[in-house]
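The sequence and the structure are shown first.

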Amino acid sequence: MTEKSNPTERFTGLADAYASYRPDYPETALLHVIERCHLGPASLMVDVGCGTGISARAFSRLGIAVLGIEPNDEMREKAESAASTGGSQNPPKFRKGTAEKTGLADSSTDAVLCAQAFHWFDPERSLSEFHRILKPGGHCILIWNERNEADLFTREYGALIRDNSEAVSVEVMRGVSGKALLLSDLFETVGVTEFTNSQSMDEEGLLGRAFSTSYAPRQGSRAEKLRSGLSELYRRYGAGGPVTLKYTTTVYIARKDCQ
């Protein structure tokens, strides 16, 4: 079985780091989704591959009912724990499932969201499943935070990651994944929009961000080389204060036919 067809276990052991060190999504992007997809208090959003619930909680705080679908038990349990203390009046709920087999009823949701996740799915099978569970006129939303390497610090961070991990293959996969939705005969494209985003952190946060990824080495010489390289990068740019990674948040939206 290929790495992509069996991604679930890649995140085992990473739930705490993922929850602590991954960037949020800019509120402007979330409000854009709510407006373009005509979502409101009566709407249901299904967040597929929700991980530790970062995007699910963000939309929940903005008044949208969210059901998270996550196959990895550790990640889902972390999402459930965080939701119970997140302060939302209507916290997201979570259940086990996959993008290709959510277990949800036909035409049961107003929106399907995949935040930082769609590149791990089988695009044809997952889009067919999303089409099935969406109500007529419902929307499919794909979101990615991608490093903006026009920024010098972010570019040097990215070079370290690529030199000392399996990042290249994953980044190539992410780069083409959104096109599957745009080219799908099952959906009508609504639009692709980019937003600026950033994440400030101390040295511990920088190391945590790097090692929260599924492709980072977890032990051995490559892990040590990455760790020492990141510490040196922090010393050069941080001077004891925070450093900031820059991102471009890209939002893809497409609509299921109303018939």
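In this predicted model, K96 and D73 are joined through their side chains by a salt bridge, with 3.1 Å from N to O. K96 belongs to the loop between strand 3 (93-95) and strand 4 (109-115), whereas D73 is part of helix 4 (residues 73-84), so the pair ties together parts that are 23 residues apart in sequence. D73 has a relative accessible area of 34% and is therefore partly exposed, since values between 20% and 50% fall in that class.

A second salt bridge connects R132 with D106, whose closest N and O atoms are 2.6 Å apart. This pair also links distant parts of the chain: R132 is found in helix 5 (residues 123-133) and D106 in the loop between strand 3 and strand 4, 26 residues apart. R132 is partly exposed at 29% relative accessibility, while D106, at 52%, counts as exposed.

The salt bridge between the side chains of E232 and R235 spans 3.2 Å from N to O. Both residues lie in helix 9, and because they are 3 residues apart, about one helical turn separates them. E232 is partly exposed, with a relative accessibility of 36%, and R235 is exposed, with a relative accessible area of 52%. Salt bridges with shared partners unite E156, E232, R235 and R236 in one network. The model has 13 salt bridges by the rule applied; the table lists three of these pairs.

| Salt bridge | N to O distance |
|---|---|
| K96 and D73 | 3.1 Å |
| R132 and D106 | 2.6 Å |
| E232 and R235 | 3.2 Å |

F153 and Y237 form another edge-to-face pair, 5.2 Å centre to centre and with 65 degrees between the planes. F153 is located in helix 6 (residues 152-163) and Y237 in helix 9, so this contact ties together parts that are 84 residues apart in sequence. F153 counts as buried at 5% relative accessibility, whereas Y237 is partly exposed at 30%.

Helix 9 also takes part in a helix packing. The axes of helix 8 (residues 203-211) and helix 9 (residues 220-238) come within 10 Å and cross at roughly 145 degrees. The crossing of these two helices is right-handed. On the side of helix 8, the contact is made by E203, L206, L207, A210 and F211; helix 9 contributes A223, L226, R227, L230, S231 and Y234. Sorted by class, the residues in this contact of helix 8 with helix 9 are 8 nonpolar, 1 polar and 2 charged.

G175 is partly exposed, with a relative accessible area of 47%. The C-alpha atom of G175 is separated by 9.1 Å from that of E146, and the two residues are 29 residues apart along the chain.

Conventions
Residues numbered from 1 in each chain as written. Predicted model: local features only at pLDDT ≥ 70, side-chain atom pairs only at ≥ 80, totals over all residues. Heavy atoms only, no water. Buried < 20%, exposed > 50% of the residue type's maximum accessible area, 1.4 Å probe, protein only. Axes fitted to C-alpha atoms, helices over the stretch in contact; angles between N-to-C directions. Helix = DSSP H or I, 4+ residues; strand = E, 2+ residues; numbered from the N terminus. Left-handed = near helix turned anticlockwise from the far one by under 90°. Contact = heavy atoms within 4.5 Å. Nonpolar A, V, L, I, M, F, W, Y, C, P; charged D, E, K, R; others polar. Salt bridge = Lys/Arg side-chain N within 4 Å of Asp/Glu carboxyl O. Phe/Tyr/Trp six-rings, centres within 6.5 Å; stacked < 30°, edge-to-face > 60°.
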